[in-house]
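Could you walk me through this structure, starting with a helix and moving on to the pockets and a few loop residues? A plain tour is what I am after.

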Amino acid sequence: MKTCTPIYGVDDCRLITLDKHHHPNGNLSVVEGNADVPFDIRRVYYIYDVPGGEDRGGHAHKNLSQLIVSVSGSFDVTLDDGKERRKIVLNRPYMGLLVRPGIWRELNNFSSGAVTLVLASELFDEEDYIRNYADFKDFRKKGGGG
Ligand code: TYD
């Protein structure tokens with residue numbers, strides 16, 4: 001039986017403070033699937049060497065949840081549920097932003113040397129992307145992918 005994806009808003013996307021193990025030789029943070037994040041982690045990717053002034057993201061996912069972490073440097077994430085927009089600055093390696101399905105996201109204002117770590121609930125599937133903002137608005141108007 002197909003399970004329906006709930007319709008999430010920007011209020012369902014939140015900052016998660018990760019465990020931070022202090023050590024004189026360096027710190028360590030941990031993310032465990034279904035514990036620190038409310039999903040199984042099925043894929044990890046990272047974005048780096050973003051040229052100054054460039055943007056990433058600019059899409060929504062129909063079913064995928066993810067945690068976005070700035071493991072180095074900083075950048076801004078703008079979340080949009082079709083009604084409300086919210087900008088979050090990510091600049092701490094022990095803070096993760098949980099982004100739920102059906103939320104348009106844009107990443108910009110990358111600092112030099114910024115590294116974006118993404119932990120995702122699904123394997124890569126281009127069919128899960130909505131890459132056009134008008135299509136996204138339409139998707140939200142129709143009540144999401146459920
Ligand atoms: P995309 O998700 O559009 O990047 P961003 O949202 O960070 O701007 O992905 C960029 C390209 O990389 C696109 O051609 C798809 C490819 N890609 C994969 O092949 N596998 C992956 O897991 C991801 C995230 C992207």
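In helix H1, which spans residues 133-141, the buried residues are Phe136, Phe139 and Arg140. Looking down the axis of H1, you will find these buried residues within an arc of 95°, so they line one face of the helix. Keep in mind as you look that this is a predicted model. The face of H1 turned away from the buried side carries Ala134 and Lys141, both exposed.

What do the buried residues of H1 pack against? Their partners are four strands: S5 (56-61), S7 (75-80), S10 (104-108) and S12 (129-130). The two ends of the helix are worth a visit too. At the start of H1, asparagine 132 brings a side-chain oxygen to within 2.9 Å of the backbone nitrogen of alanine 134.

Now let us turn to the pockets. Rolling a probe the size of a water molecule over the atoms shows where empty space is left. The largest pocket has a volume of about 250 Å³. Its lining is made up of 14 residues, and those nearest the centre are Tyr45, Ile47, Arg56, His59 and Tyr129. Strands S4 (43-47), S5, S6 (66-72) and S10 each give at least two residues to the lining of this largest pocket. S5 and S10 are also among the strands that the buried residues of H1 pack against. By class, the lining of the largest pocket splits into seven nonpolar, three polar and four charged residues.

The second largest pocket holds about 160 Å³ of space. It is lined by 12 residues, with Asn63, Ser65, Arg100, Pro101 and Glu122 closest to its centre. Here the lining consists of five nonpolar, five polar and two charged residues.

Aspartate 49 sits in the loop between S4 and S5. Its phi is near 55°, which is a positive value in a residue other than glycine. Is aspartate 49 buried or exposed? With a relative accessible area of 67%, aspartate 49 is exposed, because the cut-off for that class is over 50%. Asparagine 109, in the loop between S10 and strand S11 (115-120), also has a positive phi, near 60°, and is a residue other than glycine. At 52% relative accessibility, asparagine 109 counts as exposed.

A further loop, between strand S8 (85-90) and strand S9 (95-99), holds asparagine 91. Asparagine 91 is partly exposed, its relative accessible area being 36%. Setting aside residues up to four places away in sequence, asparagine 91 touches Ser70, Gly73 and Ser74. From asparagine 91 to phenylalanine 110 the C-alpha to C-alpha distance is 10.0 Å, and the two are 19 residues apart in sequence.

To finish, have a look at valine 30, which belongs to strand S3 (residues 28-30). Valine 30 is partly exposed, with 25% relative accessible area. Which residues does valine 30 contact, leaving aside its neighbours within four places in sequence? They are Leu18, Asp19, His21 and Asp36. Leucine 123, by comparison, is 93 residues from valine 30 in sequence and 21 Å from it in space, C-alpha to C-alpha.

Key:
Residues are numbered from 1 along each chain as its sequence is written. This is a predicted model: local features need pLDDT of at least 70, side-chain atom pairs count only at pLDDT 80 or more; totals for chains, interfaces and linings use all residues. Side-chain values use heavy atoms; hydrogens and water are left out. Buried means under 20% relative accessible area, exposed over 50%, partly exposed in between (1.4 Å probe, protein chains only). The arc is that of the directions from the helix axis to the C-beta atoms. Contact means heavy atoms within 4.5 Å. A polar contact is a pair of N or O atoms within 3.5 Å; within protein, one must be able to donate a hydrogen and the other to accept it, and residues adjacent in sequence count only if both atoms are side-chain atoms. On a 1 Å grid over the protein atoms alone, a cavity is a set of points where a 1.4 Å probe fits but cannot get out, and a pocket is an open set with protein on both sides within 12 Å along at least five of seven lines; lining residues have an atom within 4 Å of a point. Grid points are joined across faces, edges and corners, and a volume is the space filled by probe spheres set on the points. Ala, Val, Leu, Ile, Met, Phe, Trp, Tyr, Cys and Pro count as nonpolar, Asp, Glu, Lys and Arg as charged, and the others, Gly among them, as polar.
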